Amino acid sequence: MSSRPPLDQQAWGTPGAPASPVGAVDTRAIFGQTMFLVAVTAIFAAAGAYIARDATGGVAILGFIGAFALMFGMSFARKAQNGSLGMGLLFAFGLLLGVAVGPTLAVYAHQPNGATVLWQAAALTGLFIARFGAVGFATKRDLAPLMRVAFFGLLALIVVGFVLVFVSIPGANLAWSIIGLAIFSVFTMYDFQRIHRAGEGDVIMLAMGIFLDIFNVFLLMLNLLGGGRR
């Protein structure tokens, strides 16, 4: 899932353009606003997961469908990206993703040492995002070309993941998770670099992108630590 703008177009220009907006924008303020929205969205996701902990697989699928619908709707409707409406939709997006993974998290939690695995995955996710987010925020190199490669890598990963549902290959789950983390390291760096080019009107969609990085990295860590338990 990705809420990012087209890879050949950035908020303030084209790839390779100077990373500075047209108007003077306080990058620290944009960073603070973005991360606040990410934190609140994560709280809504946790609430959704708790609410749906005993839900069926059908409810989880509906949660994913609803989240996808909100993401694409917000991506194409500029009015849905700002103000109280945008924040409400962002928080609803987090809630729906929480509902989507609630049953899966409940399965992990009820396994031996499952709670430990969940906490370890959360801690490693925090370290992962902090590390690659800091690299992306600090680097002067334009990461858009690398992002293009990661985007197509993600598409291939999704296809392989679908195949692995039906075909069992020794070691494939481990390799799939590691490659997924490598791909999302690029997504994370790119999204944090975007903060330098963001304006007030970009904060909500930027928060959605970073939240999706965190969400996917957490699931990959969980898959890696838990041995692919479903």
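A: Phe 184 and Phe 187 both lie in helix 6, 3 residues apart, about one turn of the helix, where helices are DSSP runs of H or I with at least four residues, numbered from the N terminus. This is a predicted model, in which local features need pLDDT of at least 70 and side-chain atom pairs count only at pLDDT 80 or more, while totals for chains, interfaces and linings use all residues. Residues are numbered from 1 along each chain as its sequence is written, and side-chain values use heavy atoms, with hydrogens and water left out.

A pair of aromatic rings is described by the distance of the centres and the angle of the planes. Rings of Phe, Tyr and Trp (its six-membered ring) pair if their centres lie within 6.5 Å, and planes under 30 degrees apart count as stacked, over 60 as edge-to-face and the rest as tilted. The whole structure holds 10 aromatic pairs. Among them, Phe 31 and Phe 192 have ring centres 6.5 Å apart and planes at 50 degrees, so this pair is tilted. Because Phe 31 lies in helix 1 (residues 27-51) and Phe 192 in helix 6 (residues 172-193), the pair ties together parts that are 161 residues apart in sequence. Phe 31 is partly exposed at 32% relative accessible area, whereas Phe 192, at 6%, is buried; buried means under 20%, exposed over 50% and partly exposed in between, with a 1.4 Å probe and protein chains only. Phe 31, Phe 137 and Phe 192 form one aromatic cluster.

The pair of Phe 184 and Phe 187 is also tilted, at 5.1 Å centre to centre and 35 degrees between the planes. Phe 184 is buried at 3% relative accessibility, and Phe 187 is buried at 0%.

Note on methods:
Helices (H or I, at least four residues) and strands (E, at least two) are DSSP runs, numbered from the N terminus.
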